[in-house]
Amino acid sequence: MTPIEGIWENINPLSFAVPVFMVQIILIIVTTRVLNLLLRPFHQPRAIAEIIGGIILGPTMLGRVDSFASIFFPSSSLLTLETVAQLGLIYFLFLVGVEMDNKLIQRSGQKAVVIGAAGAVLTFGIGSVAALALRNFFLRGMKRISCLLFLGVCNSVTAFPVLAQILAKTKLLNSDIGRISIAAALANNAIMWILFTLTLGLSEFDPLSSLWITLSGFAFVIFCFVGVRPMINRVLQKIPEGHLVSDFHVCLLLSFMMLAGVLTESIGLYSVTGAFFIGFMIPNGPVKVALSEKMHDVVYGMMMPLYCVISGLKTDLTLIDAKTGQMAAMIILVSVIGTVAKVVGIFIISGMYTMTLRDGLTLGFLLNSRGLIELLILNIGRLKKLVDEESFSVMVVVSVVMTVVATPVASYLQRPLRRIVGYKRRNLQRSKPDMELRVLACVHNTRNVPSIITLLDVTCPTKRSPIFVYVVHLIELAGRTSTMLIVHNSDHLHQRSMAASGPQGQGNHIFHAFDKYERQTSGVSVQTLSIISPYSSMHEDICSLAEDKHVTIIIIPFHKQQTVDGGLEPINPYLKIMNENVLANSPCSVGILIDRGLSSHSRQASEDHHLSHRIGLLFFGGTDDREALAYCWRAVENPSIGLTVVRFVPVDDSSSPPPSAIDAQEAKLDDDYLNEFRVRNASNDSVVYVEQVTSSTEETVAAIRAMGDTHDLYVVGRSQSEAATALTAGLTEWAECPELGPIGDLLASSDFAMSVSVLIVHQYVGTIPAAPPAGAPVANDGEQRFMNHVNPKASYTATTIGRFN
């Protein structure tokens, strides 16, 4: 196993089992990680890189070099490697069962179950019939009925772990098509395992043995649901509330999983079946979280690549010659027929459930993802002599090709659709006051929670104008294989341990806070979710979720947080890049919240003791400023909110060139929207309008500084109109955070001695025509005649605060 002497005694350490095994692990991990890096631009799952890595290291390529094979992969070492790989497969299937939501199929409804089951049955039936029709072209050993049925089983496989990785890499995991695909894959695999068990029974040439294997399998599944699940629940209920899951409970479950594996191996179902069902029986809660955190990195990062590479090492494409070429062509033909049958069958059934043509085709190709599950089936078939070495090699390559094709096809079919299909209310200005406002609030940690809740209160949720909030806890993906979106059920939040470690425990606190806010506030509905993704692509998940949920505005926290001395310090440099990406790719309006104690206390003017919050709107003109005004318009529906609108007006200069047609149109839109706002709020004593005439950037900055800390929240547009460039010129040259715009960066600057929170608003424009917004209130004829006779500059000077009374 391991050398007693070292190299000083002329002992070659690679002639012993343990050293050569460690070198093999190093070679496998390095090779697969490099291939995964090369395949990353093509969004391929990591299992594909691992299988290809095995083929490269195997007898097809490097294994043909005698010195390489004898040194690094001698035949005497393969038993150790295969034993550890098989153990990794058992742990992997157990972890798949642990991480699986056992209520996913129930929530997806009948549609996903029927699509998945029909896909398996149709593919098995047509693939088996095609194999039977072409059996004269197969080799003598593969003409048995069980061998031909085995080809049908292989074609019906859907590898749901690989499918989840594909959906995550193509950013479809949190879409409707993604959820249906996962649920359909689970139903597909349930039917496939039944068909595979029957096929294995036929291979024994003993009908009685086949019957006993099948009955024993059903008995084991029933025992898991009737006996194992209640027993596990009773054991886990003894864990004190609020306590961490101990190593004892983790080891107990792993030992029980091994016992189930021995039992299923004994009855002819293989150990992976027992491991999967034990993992599936574990209820949602801190135990699942603890198991995933403790096992995920080792199992997915080290042990599973061993199994994929072992399958690649057994794949020898050099065995395909003129004699076996015809048989290989027939296997490929049967696989193509089975694939077409699955795509067409799922497409037809999807149409019966009124799904679109694109969605039906996408489902068909996604459910042809194979990989790990098919490797398991092929290896079992190889041990049972259902396929020979040549057929095994061909079917491994077919599995890789089918999985590789699924990713680009799904991306092509879905991505254009996501850009075409849209919704009208993508910004606040176009939203009707009496319509539900959908907000996606992003939260990084618990410090973001009070300010987000206060901002939602300021947004004035009422039963007449409700707010639906999607609270998303953003968690950096570290060491995981795929992006995940987790939907949290409020009923389960109270049952989960608040003492869970890491982001999970912090997420519990976040979701409990918003759940409590929903129960205490009228007009607010909250859905809590978690996005676990790399920061480099997290904006894609946020924007995709916003588009799927028809969100009007995304609220994201600033990448800096307030320190004890009142300043702002960065918490993570990647958050700044993520915010910039959200602004650049968002399908709706975006608000960046700079929190300087928005929830700590309410600053009130001396004469306005009845006000809970004072908002200051700095209006320079342009689409973003009009969106900021639309937000404030909604906020002042709350009588306890005070609003001061400060419009910055450049000094009239007769020597200046006349404005362009675009600038004149923008100025007219600004005037119309402001005038409409003033008329609608003429009787609101808590609304104040000011026009501040300035001629330079210095005067603008001085005027903003003079406002001081008289407000709780400043609202400002991210960018201003071209006509206001003279009032903000030079601010962008010294900007620390250009993504906030010139005024937003000024208010967020450490040199700007103010302790007021700031909301920077960016309006989604897209293809919206530059015309008065369809969703905004329209003045009646009397109001319009009144506004036509009012000169706004005649009634309000640069220093006078006038009330609408």
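In this predicted model, R438 lies over the face of F468, at 5.6 Å from the ring centre. F468 also takes part in an aromatic pair with Y470. This pair is tilted, with 40° between the planes and 4.8 Å centre to centre. Y470 has a relative accessible area of 6% and is therefore buried. A charge also sits over a ring at F392. Here the charged end belongs to R382, 5.5 Å from the ring centre.

The count of aromatic pairs comes to twelve. One of them joins F276 and F280. Their rings are stacked, 6.0 Å centre to centre, with 20° between the planes. Both residues lie in helix α11, which spans residues 271-281. They are four residues apart, about one turn of the helix. F276 has a relative accessibility of 17%, under the 20% cut-off, so F276 counts as buried. F280, at 14%, counts as buried as well. F276 and F280 belong to one aromatic cluster, which also includes F220 and F277.

Helix packing was examined for α1 (residues 17-39) and α12 (residues 286-313). Their axes are 10 Å apart and meet at an angle of about 90°. Angles of 65 to 115 degrees count as roughly perpendicular, so α1 is roughly perpendicular to α12. On the α1 side, the contact is made by I25, I28, I29, T32 and R33. Helix α12 contributes G301, M302, P305, L306 and V309. By class, the contact has seven nonpolar residues, two polar residues and one charged residue.

How values were computed. Residues are numbered from 1 along each chain as its sequence is written. This is a predicted model: local features need pLDDT of at least 70, side-chain atom pairs count only at pLDDT 80 or more; totals for chains, interfaces and linings use all residues. Side-chain values use heavy atoms; hydrogens and water are left out. Axes are lines fitted to C-alpha atoms, for helices over the stretch in contact, and angles run from 0 to 180 degrees between N-to-C directions. Helices (H or I, at least four residues) and strands (E, at least two) are DSSP runs, numbered from the N terminus. Angles under 35 degrees count as roughly parallel, over 145 as roughly antiparallel, 65 to 115 as roughly perpendicular and the rest as oblique. Contact means heavy atoms within 4.5 Å. Ala, Val, Leu, Ile, Met, Phe, Trp, Tyr, Cys and Pro count as nonpolar, Asp, Glu, Lys and Arg as charged, and the others, Gly among them, as polar. Rings of Phe, Tyr and Trp (its six-membered ring) pair if their centres lie within 6.5 Å; planes under 30 degrees apart count as stacked, over 60 as edge-to-face and the rest as tilted. Buried means under 20% relative accessible area, exposed over 50%, partly exposed in between (1.4 Å probe, protein chains only). A charge sits over a ring if NZ of Lys or CZ of Arg is within 6 Å of the ring centre and within 35 degrees of the ring normal.
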